[in-house]
Amino acid sequence: MNVRTVSIICPLFNEEKFIERCILSILEQDYPQDKLEVLLIDGRSTDHTADIVRRYTEKYPFIKLLDNPERVVPHALNKGLEAATGEVIMRIDGHCTYPTNYISELVRYLYELDADNVGGVWNTQPANDTAVCHAIALASSHPFGVGGSMHKIGASKIMETDTVPFGCYKREVFEKTGLFDTDLVRNQDDEFNGRLQNLGGKIFLIPQVIINYTARDSIRKMRHMYYQYGLYKPLVNKKLGAPATIRQFFPLFFLLWLFFGGIASIFSPLVLKVYAAVLLLYLFISLVVGMMGAIRTRRFAVMLIMPYIFLNIHMSYGFGYLRGIFKVLGGKSFNVKSNR
């Protein structure tokens, strides 16, 4: 049996809380270590991330630390690609841990399905054992929070899709598509996978491969993340020539409805009734989802927090998307220097 060489690329920035668990999960893989190359690309972290990585580079020659002076993800990915020597290129994230068969399963399906990219699904976990963190994790993996994004909400069977988390690619894919777009602080995977599909590439979600993903540990960080997701989506659409999915517009539509519907409801009793009904339905769904989370976590506060968490996700994404549209239309720069 031909065992493929695999280059693992992992962008890092201030991951001292998570990176050791991530590295240990890679060291515990059932894939032969002599076929692995792990490239950890640090964006000049201001915490102890690089120090932790160096301890492992000294012990394991196949783990290497690379420098990313530009400090944002697409530059890190491209530096990793330029240094990688494997037949298979696998992107991972330092915020996650991986099952022991993660590499072997993805590499197997990459060739069995004759795919260009395969990936697993997220098991979104709370960063801490608090009601807020449980609520953030639940909202970030529920259809009402993130729509029909199958790698976040789960799938029951292997399916062809438009994107997967991180990605496991055949090396020759990058000869067709080129590198990751450095204009995109966020959503660079979406744009790359859209470019890949436009060239006839096939992407598959492998649901039995489960990634333990740790959600953000505060509402502020969650809000910033979803704002950036929204902000860069119009730029992705512009680069690809069309939106990848309809679901990305829903937070924007909801934001516009809240604003213009609120104004119109002042002048029209009918609009006021519809406006109130939409808000009550939103609140009801949020509370029902929160109640299920409260039962599961045995934290009643999760139910009370959930409407606020959902509202922050949708408003942050919507505001970001709206600003992104104006930036695209006005030809303005998307120069945002933030990894997380």
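**Entry 1**

I started at Lys 176, which is partly exposed at a relative accessible area of 46%. My cut-offs: buried is under 20% relative accessible area, exposed is over 50%, and partly exposed lies in between (1.4 Å probe, protein chains only). This is a predicted model, where local features need pLDDT of at least 70, side-chain atom pairs count only at pLDDT 80 or more, and totals for chains, interfaces and linings use all residues. Residues are numbered from 1 along each chain as its sequence is written, and side-chain values use heavy atoms, with hydrogens and water left out.

Which residue does Lys 176 form a salt bridge with? I found Asp 116, with the closest N and O atoms 3.7 Å apart. A salt bridge here is a side-chain nitrogen of Lys or Arg within 4 Å of a carboxyl oxygen of Asp or Glu. Lys 176 sits in helix H8 (residues 173-177) and Asp 116 in the loop between H4 and E6, so the pair ties together parts that are 60 residues apart in sequence. Helices (H or I, at least four residues) and strands (E, at least two) are DSSP runs, numbered from the N terminus. Asp 116 is buried, at 13% relative accessible area.

**Entry 2: other salt bridges**

I noted 18 salt bridges in the structure. I looked up Arg 299 and found it paired with Asp 129, the closest N and O atoms being 3.3 Å apart. This pair links distant parts of the chain, 170 residues apart: Arg 299 in the loop between helix H12 (269-297) and helix H13 (301-330), Asp 129 in the loop between E6 and helix H5 (131-139). Arg 299 is partly exposed at 26% relative accessibility, and Asp 129 is exposed at 55%. I also logged one network, in which salt bridges that share partners join Lys 17, Asp 217 and Lys 221.

Asp 217 is in the loop between E9 and helix H10 (219-240) and Lys 17 in the loop between E1 and helix H1 (19-27), so the pair ties together parts that are 200 residues apart in sequence. Asp 217 is partly exposed, at 24%; Lys 17 is exposed, at 58%.

**Entry 3: helix H4**

Next I listed the buried residues of helix H4 (residues 102-112): Tyr 102, Ile 103, Glu 105, Leu 106, Val 107, Tyr 109 and Leu 110. What covers them? Their cover includes strands E1 (6-12), E2, E4 (88-91), E6 (117-125), E8 (168-170) and E9. Just after H4, Asp 114 takes a positive phi of about 50°.

**Entry 4: Pro 207**

Pro 207 lies in strand E9 (residues 203-214). Is Pro 207 buried or exposed? I read a relative accessible area of 12%, so it is buried. Beyond residues up to four places away in sequence, Pro 207 touches Val 121, Ala 155, Ser 156, Lys 157 and Ile 158. Contact means heavy atoms within 4.5 Å.

**Entry 5: whole chain**

I counted 13 helices and nine strands. Of the 340 residues, 53% count as buried. The C-alpha atoms fill a box of roughly 70 × 45 × 40 Å along the principal axes.

I checked confidence last. The mean pLDDT is 93, and 97% of the residues score at least 70; pLDDT is the predictor's confidence in each residue, from 0 to 100. Confidence is lowest in helix H7 (residues 150-153), at a mean of 78, and highest in strand E2 (residues 36-42), at 98.
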